[in-house]
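Trainee: Could you go through this model with me, a question at a time? I would like to see how each answer is reached.

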Amino acid sequence: MLRYVIKRVLYMIPTLFGISLIAFLIIQLPPGDYVTSMVASMQDSGRAIDPAEIARLRTLYGFDDPFYVQYWKWMSGILFRGDFGHSFEWNRPVADLIWERMGSTLGLSLAALLFVWAVALPIGIYSAVRRHSVGDYFFTFLGFIGLAIPNFILALTLMYVSYRYLGQSVGGLFSPQYVDAPWSWDKFVDLLAHVWIPIVVIGTAGTAGLIRILRANLSDELNKPYVITAKAKGLPEHKVVLKYPVRIALNPFVSAIGWVLPELISGVTITAIVLNLPTAGPLLLRALVSQDMYLAGSFILLMGVLTLIGMLVSDILLALLDPRIRYR
Amino acid sequence: MQPTPTSREGAGMSENPDTVLSVENLSIDFHLRTSILHAVRDVSFSLKRGKTLALVGESGSGKSVTARALLRIIDRNGAISSGRILLRGAGQPEIDIVPLTERSTDLLRIRGGRIGLIFQEPMSSLSPVHTIGSQITEALRLHRKMDKKQARAETIELLRQVEIPDPDKMLDRYTFEFSGGMRQRAMIAMALAADPEILIADEPTTALDVTTQAEILDLIKRLQESRGMAMLLITHDMGVVAEVADEVAVMHYGRIVERGDVDSIFHGAQHGYTKRLLASTVKLEQSRAHEGADAAARQPILSVRNLTKTFGGSGGWFGGNDYAIKAVNDVSFDLFPGENLGIVGESGSGKTTLGRLILRTVEPSSGSVVYRDRAGTETEVTALGKRALRGFHRDVRLVFQDPFASLNPRMTVKQIVGDPLVVGGIASGAELDRRVGDLLELVGLDPMSRERYPHAFSGGQRQRIGIARALALEPRIVIADEATAALDVSIRAQILDLLLDIQKRLGLSFVFISHDISVVRYFCDRVAVMHRGKVVELGPAEQICNDPQEPYTRSLISAVPNPDPRHKRMMHRTRFIA
């Protein structure tokens with residue numbers, strides 16, 4: 001088992017290298033650089049810029065260096081000094097900006113994941129065991145609605161409901177008076193009052209998907225001979241189902257960890273913008289638009305790392321759950 | 001639910017003090033989408049202490065459904081429509097299992113507690129993600145109120161009783177670390193955990209090799225005798241019935257058509273179906289008249305020399321497994337035109353790999369395969385390029401084991417059978433239609449059925465389709481890998497006769513790979529016995545079966561159940577210790 005984990009961690013190193021290279025390549029791909037887009041926006045607002053000044057900025061930022069030199073500067077900074085570079089637009093170190101956003105992003109991700117599990121597991125089991133019952137059709141219907149509604153519409157609807165009928169301030173994670181306040185019980189309660197909307201919005205599609213997967217998997221497993229063995233042993237039905245087939249049908253649940261983290265950063269950007277959430281998505285979008293290359297690159301790199309960590313965690317959990325994987 | 005006397009033995013049956021379970025007029029219906037299927041109709045039998053009743057019939061005859069109904073494990077769309085299942089125990093009141101509800105504690109106490117079940121698939125009947133020990137301990141804790149420590153000790157004792165070596169270590173192993181026979185032993189240990197009065201064994205050895213089968217049957221028989229259990233044995237193998245059963249009930253289309261003690265069934269069958277079933281059982285002693293066996297005078301069509309295949313052995317990045325397995329080890333034989341060569345062996349002996357090496361769907365590690373084509377030119381198959389290999393595959397075809405998995409369910413029979421012709425660019429349009437019709441006729445199928453899909457055919461008919469596909473390109477050699485293993489006995493005999501008939505007409509050579517020695521004996525001129533990748537003995541079928549030279553062959557032959565209760569062979573077989 002330990003051997004397996006070490007092996008997996010070692011495999012991550014070349015993968016990470018590849019991701020960093022691709023991340024840097026992507027942010028280099030669009031024509032021009034931050035200076036070009038800065039010049040463009042300044043000209044839009046009618047200010048003339050001295051060409052000498054532009055050249056000076058280019059040299060300062062190192063935009064004239066060849067690709068590999070720029071890459072090396074960036075990577076060596078991260079590896080040796082923990083320095084992700086400097087954000088041109090915010091004029092602050094990238095690391096500060098990212099850590100600010102990462103905490104809320106991770107918190108929200110985990111909450112959404114728990115929400116997905118808590119809802120999908122019982123409904124999925126129910127749907128599989130009572131297949132083609134009224135309850136199954138009801139949840140199937142709900143599931144398809146959840147899959148079909150675009151997230152931002154759901155977000156807008158929930159915001160309206162929350163504002164109109166619950167009388168809450170909407171958007172963000174806190175009411176205005178608590179945003180800069182120190183942590184207190186009231187602030188926590190305020191957070192809970194706000195956070196359910198993004199959790200529900202982000203979790204709905206995933207929940208619906210997982211219910212379908214669990215229902216299909218479990219329906220297959222329920223007909224396996226080992227279920228009959230367990231029944232013939234004299235176990236009551238609910239114990240039979242929970243102990244044997246559910247255990248095996250759980251694999252996709254655990255795999256979900258792997259994709260839920262990157263999904264939350266990149267996939268729910270629109271939701272985050274609609275709900276005005278202080279997560280990484282909107283910041284990444286801004287950085288990409290304004291060609292703030294170190295900020296954008298670092299986000300892409302970090303997303304890669306998060307994906308890898310998510311995959312690692314889910315693989316280790318899978319191995320714990322299923323001995324067949326462990327021994328292979 | 002009126003108690004009508006239906007038993008031929010008269011109404012005195014229920015008064016027999018040894019009767020532990022009696023089934024009276026049991027009927028089970030399944031509600032299908034458009035109709036109601038009467039899977040079991042008016043079935044009555046009784047189980048007696050220390051005795052074995054064999055329920056015999058082909059697949060679909062309702063025997064498994066009947067057995068599972070005793071535990072009330074029936075698929076959701078099925079239900080017992082009438083009848084009684086009376087369970088009697090020493091000092092306990094009689095219980096009728098039929099009216100018990102699914103959740104009643106009485107029923108849960110009977111399941112596993114008083115009636116144990118073992119069944120066919122040793123690969124999938126145990127949970128792959130729980131240890132063997134935990135699955136057995138669970139049964140103990142359910143029925144015998146033991147604490148964890150006691151249950152663990154008892155589990156080790158049970159595993160010892162079913163002769164699993166190192167039971168204290170095997171307890172914590174997972175099922176996929178066990179062989180098929182070992183799993184079946186663990187399954188038996190689990191069924192016996194709560195010391196039930198009745199054991200239901202549903203095809204307990206069908207998926208096992210002959211030698212393993214003999215050991216498992218031996219074990220079940222001994223445990224049954226020492227515990228005085230009643231056993232309901234469900235099987236389609238008349239050989240097993242003759243070796244193990246005391247009484248036999250023959251099921252056909254959901255009814256018991258004949259019932260009696262084992263000797264009277266085998267030697268004085270009354271019902272036509274029983275007679276047919278016995279007649280189609282291929283006996284080891286029986287072989288067809290071999291014609292044209294002057295093969296030695298002719299040139300071999302296929303010569304295999306020193307063929308070897310090694311799996312594994314190369315280390316990965318992080319030091320993979322560095323041991324190698326010789327799946328096929330230095331195998332040599334000749335196949336003559338018009339000859340049937342049988343390759344027998346247990347699972348894992350390398351016989352399937354050997355078949356694939358000849359076709360080069362698996363690349364041999366070393367050795368040579370020389371094929372002599374129609375013009376007499378010799379080709380070294382192992383050296384052929386991709387294009388030339390295609391020509392070789394035109395002459396050497398394969399028939400698969402599983403008639404359900406080997407046909408694409410989305411292609412019509414015409415597409416399946418005609419596919420080799422289309423791929424090879426040999427026929428199309430009306431010509432293709434005619435060829436497919438001819439082929440279907442050749443294998444005894446109605447050419448009109450060519451537009452139908454495989455699901456509309458039974459297992460035996462599907463195997464015929466597979467054979468027609470193999471014959472489409474007029475091959476000279478057909479490699480049949482367990483081609484009859486998935487079929488019922490009567491169908492098996494039909495398919496074997498069909499293959500022999502086709503061979504006579506087309507002058508084919510067969511390489512017939514099987515674990516079933518009786519089938520090989522019936523079908524083949526010469527037999528190669530494989531054991532751990534090597535051919536241990538090669539000779540005429542007659543000699544291998546009647547006068548085996550090697551100790552391994554001798555043990556293999558002696559483990560084949562004999563379908564005659566007066567001459568039980570398995571119980572005093574020779575064992576091979578390697």
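Trainee: How many residues does the contact take from chain A and from chain B?

Mentor: Happy to start there, with a reminder that this is a predicted model, where local features need pLDDT of at least 70, side-chain atom pairs count only at pLDDT 80 or more, and totals for chains, interfaces and linings use all residues. Residues are numbered from 1 along each chain as its sequence is written, chains are lettered from A and ligands numbered from 1 in the order in which they are written, and side-chain values use heavy atoms, with hydrogens and water left out. Contact means heavy atoms within 4.5 Å. On that basis the contact takes 28 residues from chain A, and from chain B 32 residues.

Trainee: Which residues of chain A lose the most area to chain B?

Mentor: Buried area is the accessible area (1.4 Å probe) that two parts lose on being put together, summed over both. Between chain A and chain B it is about 2700 Å², with carbon and sulfur atoms giving 64%. On the chain A side, 21% of what is buried comes from the three that lose the most: Ile228(A), Ala232(A) and Lys233(A).

Trainee: Which residue forms a salt bridge with Lys233(A)?

Mentor: A salt bridge is a side-chain nitrogen of Lys or Arg within 4 Å of a carboxyl oxygen of Asp or Glu. The count between chain A and chain B is 2. For Lys233(A), the closest N and O atoms are 2.6 Å apart, and the partner is Glu138(B).

Trainee: Is Glu221(A) buried or exposed?

Mentor: Glu221(A) lies in helix H8 of chain A; helices (H or I, at least four residues) are DSSP runs, numbered from the N terminus. Buried means under 20% relative accessible area and exposed over 50%, with partly exposed in between (1.4 Å probe, protein chains only). Because its relative accessibility is 12%, Glu221(A) counts as buried.

Trainee: Which helices do the buried residues of H6(A) pack against?

Mentor: Those buried residues are Gly135(A), Asp136(A), Thr140(A), Gly143(A) and Gly146(A). The buried ones pack against two helices of chain A, H5 (94–129) and H8 (185–222).
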